[in-house]
Each structure stands twice: as structure tokens, then as C-alpha cells.
Amino acid sequence: MDSRTASPSRVGSPGASPRAGTGRVSVREWFADVRFSGFVAIMLGLVVLAVFVLMPTVGTYIDQRQRIAELERSVQASAEQIAELERDRERWTDRAYLVAQARERLYYVFPGEVVYLVDNDLPPVLAGPDRAPVSSDVEQTVVDWPAQLLRSVVSAGVAQTVTSR
């Protein structure tokens with residue numbers, strides 16, 4: 001018998017369908033072959049119950065893992081900061097570094113040394129464009145500070161205060 005002319009032995013078998021050659025499966029035929037028993041219903045109910053019971057636990061687990069990862073990153077950042085501070089402390093115990101910092105930051109010198117401070121030592125490219133003076137006339141602002149003080153005291157004295165109930 002030729003395989004092209006052979007008919008399926010059973011119409012409802014999983015491999016046999018009227019459209020088997022097209023690769024399509026009829027949903028009605030598939031549901032007709034599915035057997036739904038009490039055991040399947042109980043197992044399906046247990047699976048749904050397990051999902052509802054375990055869902056909060058899994059959510060808590062994921063939240064805790066995220067918190068742990070965040071704390072580990074925080075610990076790592078703190079460890080790096082501690083290492084940097086220890087390196088700074090080691091530098092400050094070195095006398096040469098201490099003297100260099102005192103010279104640069106505080107302009108300290110040893111007795112007998114002469115210090116020359118160079119002003120505007122930047123090259124013209126880095127110094128920026130020359131700025132014109134803001135004004136050629138110098139004006140003095142008239143300030144009547146005693147009158148302003150008296151106005152401030154009087155306005156503070158007559159202001160209403162908020163009381164707590």
C-alpha cells in the first residue's frame with residue numbers, strides 16, 4: 001500500500017486530522033481528545049493554591065535580594081572611601097608632603113626664605129579676554145543707615161506674631 005493513499009486508522013488520533021498536510025490543528029478536535037478527570041482538577045487546584053501561597057514569599061525574597069545587593073554596593077563604596085582616607089592619612093604623616101601643603105595652601109616658609117608671589121602667571125591663551133572696566137566714574141551710594149535701622153526696628157515691633165494653639 002502506498003503511503004499517499006493510506007487512510008488513518010483512527011480519525012481522532014493525535015497525528016491524524018483532516019488538515020494534517022497543512023500543519024494546522026483544529027482546536028475542537030484537540031479539546032475533544034483532552035480527558036478532564038478529578039485528579040487533573042485536584043492537581044490544577046493545588047498548583048493554583050501553591051502559586052498564591054508562594055507569591056508573597058517569592059516577592060519578599062526578591063525584595064531582600066535587591067536590598068542585600070544595594071547594601072553590598074554601599075559597603076563597597078564605604079570600603080573605597082576608607083581606603084582613600086587611609087591613603088590621605090599616610091600622605092599627611094610624610095614630612096615632605098606636609099611641608100609642601102603648608103607652602104601651597106598657607107604660604108608658609110622657613111625662616112630666612114624669601115617668597116615671591118607671581119600674579120597673573122597664566123599664559124594669555126588661558127587668561128581669557130581682557131575685560132574693560134565696569135565704569136569709568138566712581139559713584140558713592142547714599143545710605144541713611146540710622147533711618148533704615150529705625151524703620152526695621154519699628155516694623156519688627158508692630159508686626160503680628162503667630163501664636164501656637
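Glutamine 101 touches Trp92 and Leu106, leaving out residues up to four places away in sequence; contact means heavy atoms within 4.5 Å. Glutamine 101 sits in helix H3. Helices (H or I, at least four residues) and strands (E, at least two) are DSSP runs, numbered from the N terminus. Glutamine 101 is buried, at a relative accessible area of 11%. Buried means under 20% relative accessible area, exposed over 50%, and partly exposed in between (1.4 Å probe, protein chains only).

The model is predicted: local features need pLDDT of at least 70, side-chain atom pairs count only at pLDDT 80 or more, and totals for chains, interfaces and linings use all residues. Residues are numbered from 1 along each chain as its sequence is written, and side-chain values use heavy atoms, with hydrogens and water left out.

Tryptophan 92 belongs to helix H2. Its relative accessible area is 35%, so tryptophan 92 is partly exposed. Which residues does tryptophan 92 contact, leaving aside neighbours within four places in sequence? They are Tyr97, Leu98, Gln101 and Arg105.

H3 has 12 residues. From its first C-alpha to its last, H3 reaches 16 Å, close to the 16 Å expected at 1.5 Å a residue. The expected span of a helix is 1.5 Å times one less than its number of residues.

Just after H3 comes tyrosine 107, with a positive phi of about 60°. Tyrosine 107 is not a glycine. It lies in the loop between helix H3 (95-106) and helix H4 (124-127). Is tyrosine 107 buried or exposed? At 54% relative accessibility, tyrosine 107 counts as exposed.

**Helix H2**

H2 covers residues 38-93. Its 56 residues should span 82 Å at 1.5 Å a residue. The end C-alpha atoms of H2 are 81 Å apart, which agrees. H2 also carries a kink of about 35° at leucine 54, shortly before proline 56. The bend at a residue is the angle between axes fitted to the seven residues ending there and the seven starting there.

**Salt bridges**

The whole structure holds five salt bridges. A salt bridge is a side-chain nitrogen of Lys or Arg within 4 Å of a carboxyl oxygen of Asp or Glu.

| Pair | Closest N to O distance |
|---|---|
| Glutamate 70 and arginine 67 | 3.2 Å |
| Arginine 91 and glutamate 84 | 3.6 Å |

Glutamate 70 and arginine 67 both lie in H2, three residues apart, about one turn of the helix. Glutamate 70 is partly exposed at 40% relative accessible area. Arginine 67 is partly exposed at 45%.

Arginine 91 counts as partly exposed, at 35% relative accessibility. Glutamate 84 is partly exposed too, with a relative accessible area of 34%. For aspartate 88 the value is 24%, again partly exposed. Aspartate 88 and arginine 91 are three residues apart in H2, about one turn of the helix. Shared partners join the salt bridges of Glu84, Arg87, Asp88 and Arg91 into one network.

**The chain as a whole**

What does the secondary structure come to? The chain has five helices and zero strands. From the N terminus on, its elements run α-α-α-α-α. Of its 165 residues, 1% count as buried. The chain exposes about 16,300 Å², and carbon and sulfur atoms supply 60% of that area. Accessible areas come from the Shrake-Rupley method with a 1.4 Å probe; for residues, only the protein chains shown count as cover.

**Confidence**

The average pLDDT of the chain is 81, and 82% of the residues score at least 70. Over residues 1-12 the pLDDT is below 50. Beyond near neighbours in sequence, this stretch has five contacts in the model. pLDDT is the predictor's confidence in each residue, from 0 to 100. Where pLDDT is low, the predicted coordinates should not be read in detail.
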